[in-house]
Amino acid sequence: MKLLYLILFCAIFLTVSSDSDNMQDTCPTAPGEQSIFFINGFPCKNPTEVNAQDFKSTKLIVAGDTDNYLQSNVTMLTASEFPGLNTLGLSVSRTDLERDGSVPFHSHPRSSELLFVARGVVFAGFVDTKNKIFQTVLRKGDVFVFPKGLLHFCLSGGFERATALSFYNSQNPGVMNIGGLLGIDQERVVNITRSLVTDRDEL
């Protein structure tokens with residue numbers, strides 16, 4: 001009898017502790033004003049109105065505006081900007097870096113990030129919970145992963161503009177910037193990030 005209870009407990013635990021599968025093939029985000037219902041995701045579009053354009057986006061074709069202090073731009077597409085991503089547990093972003101551009105330390109509390117360099121040279125790295133830094137040089141075609149929730153960064157490492165695409169295993173990864181969290185201005189955060197980067201010749 002005790003064995004039966006143990007089996008039932010394990011079955012119930014595994015059921016409630018894992019992510020549930022989609023209940024339909026697709027669920028593009030419904031357009032319009034904010035819903036009066038608060039759910040973990042977005043309401044689905046009427047299935048009879050779903051079409052191929054819901055699963056296509058051209059928002060990452062054009063480079064982002066890098067005319068700012070960081071000399072960088074990150075264009076994020078989540079389910080709110082790209083309807084076809086709703087309920088699929090995915091999102092994507094484009095990062096553009098000028099010659100001295102940087103995306104300082106930040107984290108994504110709900111997702112890991114897979115970074116793919118499409119152009120140029122990028123220095124990328126993350127810090128684990130033991131305060132160990134993992135960093136490397138990435139060139140066109142290289143891929144690097146930032147584990148979920150860990151602080152990470154990327155800097156332009158060449159003499160030309162760099163472009164990278166990132167893929168996330170969440171439709172809403174979230175972003176936590178240490179500057180905003182600790183009240184530190186961007187210049188200091190950038191200097192901290194650059195000071196932790198190993199000498200380029202060693203990477």
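Here is a short tour, one stop at a time.

**Before you click**

This is a predicted model, so local features need pLDDT of at least 70 and side-chain atom pairs count only at pLDDT 80 or more, while totals for chains, interfaces and linings use all residues. Residues are numbered from 1 along each chain as its sequence is written, and side-chain values use heavy atoms, with hydrogens and water left out.

**Stop 1: the whole chain**

Colour by secondary structure and you'll find three helices and ten strands (DSSP runs numbered from the N terminus: helices are H or I with at least four residues, strands E with at least two). Along the sequence, the pattern reads α-β-β-β-β-β-β-β-β-β-β-α-α. Of the 203 residues, 36% count as buried (buried is under 20% relative accessible area, exposed over 50%, partly exposed in between, with a 1.4 Å probe and protein chains only).

**Stop 2: the open sheet**

Now select β1, β2, β9, β4 and β7: in that order, these five strands form an open sheet with antiparallel pairing (two strands pair if DSSP finds at least two bridges between them). β1 (72-77) and β7 are at the edges with a single partner strand each, so one side of each has no neighbour in the sheet. Zoom in on β1 and β2 (residues 91-97), which are joined by six bridges. Show Met76 there, and you'll see Ser93 of β2 opposite.

**Stop 3: a greasy spot**

Next, select Leu114, Phe116, Val143, Val145 and Phe167, which make up a nonpolar patch on the surface (patch residues have over 30% relative accessible area and no salt bridge; nonpolar side chains are joined within 5 Å, like charges within 9 Å). β4 (113-119) and β7 (143-146) each bring at least two residues to this patch. Leu114 sits in β4 and counts as partly exposed because its relative accessibility is 40%.

**Stop 4: charged pairs**

How many salt bridges are there to find? The count is three (a side-chain nitrogen of Lys or Arg within 4 Å of a carboxyl oxygen of Asp or Glu).

- Lys45 and Asp54 meet at 3.0 Å, N to O, and both are buried.
- Arg94 and Asp96 have their closest N and O atoms 3.0 Å apart. Asp96 is buried at 0% relative accessibility, and Arg94 is buried at 12%.
- Arg161 and Glu98 meet at 2.5 Å, N to O. This pair links distant parts of the chain, 63 residues apart: Arg161 is in the loop between β8 (151-156) and β9 (162-168), Glu98 in the loop between β2 and β3 (102-107).

Key: Areas by Shrake-Rupley, 256 points an atom, 1.4 Å probe, with all protein chains shown as cover.
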